[in-house]
Amino acid sequence: MDHDVSRVAVSGEAAALLRTLTAQHGPLMFHQSGGCCDGSSPMCYPVGMFRTGPGDVLLGTIDVGLDDPIEVYMSASQFAYWKHTHLTIDVVPGRGAGFSVEAPTGMRFLIRSRLLTEAEARELGMV
Amino acid sequence: MTIVEEGVSSVYAAPGAKGSVVEYRSRYGHYIGGEWVEPVKGQYFENITPVTGKPFCEVGRGTAEDIDRAVDAAWKAFATWRKSTPAARSLMLNRIADRMEENLERLAVAETWENGKPVRETLAADIPLAIDHFRYFAGVLRAQEGSLSQLDEDTVAYHFHEPLGVVGQIIPWNFPILMAVWKLAPALAAGNCVVLKPAEQTPASILLLMEIVGDLIPAGVVNIVNGFGIEAGAPLASHPKIRKIAFTGETTTGRLIMQYASQNLIPVTLELGGKSPNIFFEDIADRDDAFYDKAKEGFTMFALNQGEVCTCPSRSLIQRSIYDSFLGDAIERVKAIKQGNPLDPETMIGAQASNDQFEKITSYLDIGRQEGAKVLTGGEPVDLGGELSGGYYIAPTVFEGSNSMRIFQEEIFGPVVSVTSFDTYDDAISIANDTLYGLGAGVWSRSANICYRAGRAIEAGRVWTNTYHQYPAHAAFGGYKQSGIGRENHLKMLEHYQQTKNLLVSYAEGAQGFF
């Protein structure tokens, strides 16, 4: 997705943490979770640890200043409910459960989100 | 918001403070092979109480090496444990329950300090339910029988229940002791050995429980390794020597655990929660009586455990003819919720379990407003002052909106309910089922037929009917759709932790005749 309009973005602080974590774990990706406990949280994994498939949607990529952009996925069924949403990956102090790679740093990735504007939705072919 | 001053009322002292009924150690290692051991890499992490936001102990930061050690200890114990009699296992479970009961107040205060939930709940629900869970499985274990089928005059099929071996269990942070016991009691009853990883937000109360009951359990039968998901949870879930993995949490990790299980070809049980609907049909308002009062409490159940329950009734559907009147009455009930120090027995809603939960919930309060949902009450974090200022408190919040809004569809896992109206029975069912999940639901009506039809039509594993948030051991619990696989509680759960051994025996005196 190299359009001007994107469904995903990243905060400066999250980008910095992603650079550190990439140095430690190698290339990373995100899969947006749903359900209880840490549901609605983005999970960050080394590429290859979590297998995406035909039931997933690539929402877009985020550029944090590394060689490769970081892919952000969501299950297609969840996307049906979330498709009008623009997601920004941010980070806060915390200790989320799940297997997301940032937990040992005492930080937790978090989704900041807003509805897509009408212009963005049009650009993404949704209107 | 009432805060009762310490010393004036019967507020429990914080664990470790003067006059407290319970004390956490300053540091815990892992519990492996019946002993407290240092993590192999010697690392620890700080454990924070959400009541004040301050650390209160250190806990072992486990890695794959610790998981290996725990799995080996468990297999070593299994050699003997697998031969234990049902009577011996049942007695052990009953003794654990008795010991917990003797220590109920200590466990309740410790759990509140660990998780932030009000001591009113831990005293009346979390710990008593955990105790009863052990007793339930101690009982059903003795009554479980295998079967035999006579296939013909000379041939008999015998079916035996056998334990699986060593099982892995990954526990959530919303009911740290109760959710651990939900998984431990059936696994132990069935004769398995366990390696259990608590959540990193709530790693210590289960260790305190092991301090209290550890001597009743043969060494290595229960092993507890703490640590972060990526460092300890993933090595446990993917371990080639476990025979089953059980997990409670969210969908992405649930999928990852299934992926690991597919590598090792082992069974999984998953409990992944969702957005549970709570449906109020118009006849509840026919009379202003005890039943109507119960329905108002039913609406308010979204605030139980600060909304941090997999089955939180986070979508409230109210029939249009009673919408304004019932919602008005229910909101009065919500406003009467006492928020305060979780260690005060008067407090009804305490702290969210962690800072990141707190941040996520506040972000959804913004999202709800941005999308045009109307805040009917609450909608803000709460500063309780003094030491509690550093804790993670959010006012019980009622949003009014429509089912397509994000606050109706995404898991907030906080004390937030989104309310909408419906016209007909069919509308109610259609809205209720318009979700990816299907763990819990509530139906409220004075009509037995409406209750029955709605209960059967809702795609969820547990439909509370004219009640909500009851969790007896003797009722099966688990999800439809993306809320998970398998069931917890009930005799049914025993079989999730058992193999079926079939002995097919011929008593014929002669050959079959093929050769």
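What share of the 515 residues in chain B is buried? Buried residues make up 56% of them, a residue being buried if 20 or more other C-beta atoms, placed from the backbone, lie within 10 Å of its own. This is a predicted model, in which local features need pLDDT of at least 70 and side-chain atom pairs count only at pLDDT 80 or more, while totals for chains, interfaces and linings use all residues. Residues are numbered from 1 along each chain as its sequence is written, and chains are lettered from A in the order in which they are written.

Chain B has 15 helices and 23 strands; these are DSSP runs numbered from the N terminus, helices being H or I of at least four residues and strands E of at least two. The radius of gyration of chain B, taken over C-alpha atoms, is 24 Å, close to the 24 Å of the globule rule for 515 residues, so the chain is as compact as a globular protein of that length. That rule is 2.2 Å times the number of residues to the power 0.38. The C-alpha trace of chain B spans about 80 × 55 × 40 Å along its principal axes.

One part of chain B to look at is an open sheet of 7 strands with mixed pairing, in the order β15-β16-β17-β14-β13-β19-β20. Strands pair if DSSP finds at least two bridges between them. In chain B, β15 (374–377) and β20 (462–465) stand at the edges with a single partner strand each, so one side of each has no neighbour in the sheet. Strand β19 (residues 440–444) of chain B pairs with β20(B) in the parallel sense over 4 bridges, and B:A441 has B:V463 as its bridge partner in β20(B). Helix α13 (residues 425–433) of chain B packs on the sheet and touches β13 (277–280), β14 (315–319), β17 (416–422) and β19 of chain B. Contact here means C-beta atoms, placed from the backbone, within 7 Å.

Elsewhere in chain B, strands β4 (residues 44–49) and β5 (residues 54–60) run antiparallel and are joined by 6 bridges. They form a hairpin with 4 residues between them, and B:G53 in the turn has a positive phi of about 80°. B:N47 has B:C57 as its bridge partner in β5(B).

Chain B also meets chain A, in a contact that takes 41 residues from chain B and 35 residues from chain A. The largest share of the side of chain B that touches chain A comes from α11(B), with 7 residues.

Definitions and conventions. Contact = placed C-beta atoms within 7 Å. Axes fitted to C-alpha atoms, helices over the stretch in contact; angles between N-to-C directions. Buried ≥ 20, exposed ≤ 12 C-beta atoms within 10 Å, placed from the backbone.
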